[in-house]
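Please look over the structure below before reading my points. They are set out one topic at a time.

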Amino acid sequence: MMKIADTPIRAGADRGSRPLAVTAALVSAVFFGVNAVASKILYAPEAAAGFDAVSLFVARGTWSLPLFLLLAAVTKPRQLPPLTRKNAALFLFCGIAYGPGTNALSALGAHGTSAAHAVLLLSLFPPLAAGLASVFLRERLSVLKMIAIAVGIIGAATLTLSKSSGGTTTTGDLLIAAFILTWAILTLGIRQLDKTYPALFVVGVFGTIGCLALGAIGATAGRLDSVLIPLRHFDLQTVLWFDLELVLLLSLIGQLLQGVALRALNVALVVALTSYGSIFFGLAASLAVLGERLTVQDIMAGAFLVTALGLSLVPEHLFSK
């Protein structure tokens with residue numbers, strides 16, 4: 001009787017939280033979308049801090065570490081499920097995919113291509129995630145999803161071969177594509193860990209591991225002095241784009257907002273809102289803030305990529321009808 005009585009209450013609570021969840025996903029999309037723009041601004045020769053790609057991801061990882069440690073400590077359940085070898089390996093896997101994967105590759109890619117290209121390539125995320133889920137999680141890959149992957153590959157190839165005004169290179173585009181691939185792989189590990197542990201605790205743990213890995217890379221490369229760059233520069237540009245955007249908003253708040261969105265919305269809808277939102281806000285920022293311009297080939301490639309994104313998010317029951 002209690003379960004039956006509680007069901008409408010929970011359903012009503014979920015309906016009431018949907019507007020908040022949609023808002024959370026869209027706000028997080030702003031932070032994800034302007035990631036490449038923030039990196040390009042900090043790389044500029046006239047920027048006071050003088051970041052390059054390696055110093056950026058080493059500094060970001062080190063300064064994000066306390067935030068992830070705090071998140072893991074605050075969200076740790078009182079009765080922590082036993083840590084199996086499989087889950088320990090998954091935490092390590094997600095940490096490496098997050099730190100050296102998404103953080104380092106996105107910084108290196110943004111250094112070698114335009115922000116507009118980096119943003120448009122985000123369209124590859126949903127079809128890639130669907131393809132990987134079919135391989136590793138044995139989720140069914142429909143004909144529509146396979147078409148989306150093919151269209152996305154065509155769009156990515158077209159974009160990589162084009163040259164916009166933002167100083168694009170094939171290497172930079174390939175690094176961004178690799179970053180998106182590791183992001184898609186990361187979601188598979190998170191999906192598995194969320195079955196056992198609270199979602200925000202999972203973020204705190206793999207974020208901590210990833211940041212430690214970035215620090216280890218900095219130590220090995222002799223670049224740990226990069227950690228001191230934010231301490232030496234308190235100019236508005238460094239505080240706004242590094243301290244606020246990359247460390248606080250992108251690394252921590254963006255992950256928290258994604259967790260809020262996933263409580264009331266299904267994964268497909270959250271991915272849709274985040275992907276489309278990131279493309280919209282990131283492309284707007286690259287054009288307005290950086291003054292980049294898209295070529296006709298860029299626009300054609302973007303049309304392929306957005307089409308692939310849309311196809312990958314169409315509910316399969318509609319397609320079957």
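At what angle do helix H4 and helix H8 pack, and how far apart are their axes?

1. Helix H4 (residues 85–112) and helix H8 (residues 170–193) pack at an angle of about 160°, and their axes are 8 Å apart, where axes are lines fitted to C-alpha atoms, for helices over the stretch in contact, and angles run from 0 to 180 degrees between N-to-C directions. H4 is therefore roughly antiparallel to H8, a label given to angles over 145 degrees.

2. The residues of the contact between H4 and H8 divide into 18 nonpolar, ten polar and one charged, with contact meaning heavy atoms within 4.5 Å.

3. This is a predicted model, in which local features need pLDDT of at least 70 and side-chain atom pairs count only at pLDDT 80 or more, while totals for chains, interfaces and linings use all residues. Residues are numbered from 1 along each chain as its sequence is written, and side-chain values use heavy atoms, with hydrogens and water left out.

4. Helix H2 (residues 35–43) is mostly covered, since nine of its nine residues are buried, that is, under 20% relative accessible area (1.4 Å probe, protein chains only). Among them are Asn35, Lys40 and Leu42.

5. Thr238 lies in helix H11 (residues 236–264) and is buried, with a relative accessible area of 0%. Not counting residues up to four places away in sequence, Thr238 touches Leu42, Ala49, His233 and Asp243. The side chains of Thr238 and Asp235 are joined by a polar contact of 2.8 Å, meaning a pair of N or O atoms within 3.5 Å, of which, within protein, one must be able to donate a hydrogen and the other to accept it.

Technical notes
Helices (H or I, at least four residues) and strands (E, at least two) are DSSP runs, numbered from the N terminus. Angles under 35 degrees count as roughly parallel, over 145 as roughly antiparallel, 65 to 115 as roughly perpendicular and the rest as oblique. Ala, Val, Leu, Ile, Met, Phe, Trp, Tyr, Cys and Pro count as nonpolar, Asp, Glu, Lys and Arg as charged, and the others, Gly among them, as polar. Buried means under 20% relative accessible area, exposed over 50%, partly exposed in between (1.4 Å probe, protein chains only).
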